[in-house]
Amino acid sequence: MEDLLKRIKSCKRCVVLTGAGVSAESGVPTFRGKEGLWGKFRPEELATMDAFMANSSIVWEWYNWRRELLGKVQPNPGHFAMSEMEQLFDSFCLITQNVDSLHQAAGSKEVLELHGNILRNKCADCSSPFLDEGDIDPDAIPKCKKCGGKIRPDVVWFGELLNEQVINSAFEESEQADIFFSVGTSALVHPAASLPVAAKRHGAILVEINVEPTPISEMADFCFNLPSGQFLPDMVANLKSERVADQ
Ligand code: BJW
Ligand code: ZN
């Protein structure tokens, strides 16, 4: 930690990329690993357009179950620490692969959501937003008012393009970063997993916080194998007390 704190002092532009691990301490299951969502369900059975077309009601049951769970959880100390980090750098950008809105609930103002948001719905055919409130009945999935297409969650499935503006901004920010934190992500899913690589290639200090090593651990300048809800509040407290001491 001491070495990292020294290096952070000279950093003006900070980018943080988060994954499912940052919400694990809130009680939201991650995707991969034994306890992960995909220990129970195979991704290609649920998180693709083919799966949705073949079996929309099962896909909707899975999303309804996850929405219900999200209704019961709160941001954890890691989310709050990341919202405080906004104040600690001249420029700060939070990029998340998560669809759970927990960063916003913790007070983060601008969040680049790479994989959409599970709380929104859209048309599977024309992508028009579907704004009707209320639960989706898996046995009577509502239809788009414009084109009659089936309504689906507004998330990014495998094989689908990410929102162009969002992913372009994420790469621009990453390439300009002085320091890049990769937090709670297995760094397996692209293009998100290319962001730390791009940041490092453009000269950023790369910091990884994850309970386990990942494919980017070897290229990272600092690796902390700790839960983000434990490491980040500690780091932020240290940064804040250094600031007070410097004033
Ligand atoms: C803790 C912790 C604690 C636990 N503290 N840590 C280049 C190379 C190879 C393949 C591709 C490529 N480019 C594109 C592809 C194909 C594909 C891909 O990447 N496949 C790979 C798996 C091989 N990508 C795509 O299809 C993307 N689209 C695309 O690229 O379009 C262009 C294109 C089109 C057609 C063909 C080719 C290209 C779209 C990807 C969309 C991903 N969608 C999902 C589902 C979202 C909706 C939903 O929520 O239902 O997004 S998949 C799932 O994985 C979800 C996540 O956001 C994403 C990443 O997972 P994440 O967040 O890293 O979670 P986990 O579970 O994997 O890891 C958790 C980590 O936390 C672990 O490491 C733990 O150790 C750690 N942890 N507790 C800190 N307390
Ligand atoms: Zn439509």
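Two strands pair if DSSP finds at least two bridges between them, and helices (H or I, at least four residues) and strands (E, at least two) are DSSP runs, numbered from the N terminus. In this predicted model, G116 stands opposite V155 in β6. The model counts local features at pLDDT of at least 70 and side-chain atom pairs only at pLDDT 80 or more, while totals for chains, interfaces and linings use all residues. Residues are numbered from 1 along each chain as its sequence is written, chains are lettered from A and ligands numbered from 1 in the order in which they are written, and side-chain values use heavy atoms, leaving out hydrogens and water.

G116 and V155 belong to an open sheet of three strands, ordered β5-β4-β6, with antiparallel pairing. Because β5 and β6 stand at the edges with a single partner strand each, one side of each has no neighbour in the sheet. Strands of a sheet pair through backbone hydrogen bonds, either parallel or antiparallel. Between β4 and β6 there are five bridges; between β4 and β5 there are two. On the β5 side, N121 has F130 as its bridge partner.

Although β6 is an edge strand, five of its five residues are buried, so the rest of the structure largely encloses it. Buried here means under 20% relative accessible area, exposed over 50%, and partly exposed in between (1.4 Å probe, protein chains only). One residue of β6 is R152, which is buried at 2% relative accessibility. A polar atom of the R152 side chain lies 2.6 Å from the backbone oxygen of V155. A polar contact is a pair of N or O atoms within 3.5 Å; within protein, one must be able to donate a hydrogen and the other to accept it, and residues adjacent in sequence count only if both atoms are side-chain atoms.

The zinc ion (ligand 2) is coordinated by the SG atoms of C123, C126, C144 and C147, at 2.2 to 2.4 Å. Donors are N, O and S atoms within 2.8 Å of the metal (3.2 Å for Na, K and Ca), and sites may look incomplete because water is not among the atoms. The donor residues follow the spacing C-x2-C-x17-C-x2-C. C123 lies in β4 (residues 116-123) and C147 in the loop between β5 (129-130) and β6 (151-155), so this pair ties together parts that are 24 residues apart in sequence. C123 is buried, with a relative accessible area of 1%, whereas C147 is partly exposed at 41%.

Ligand 1 has 35 residues around it, of which R32, Y63, R66, S186 and N210 come nearest; a residue counts as near if one of its heavy atoms lies within 4 Å. Oxygen atoms of ligand 1 lie 2.7 Å from a polar side-chain atom of R66, 3.1 Å from a backbone N or O atom of Q97 and 2.7 Å from a polar backbone atom of G159.
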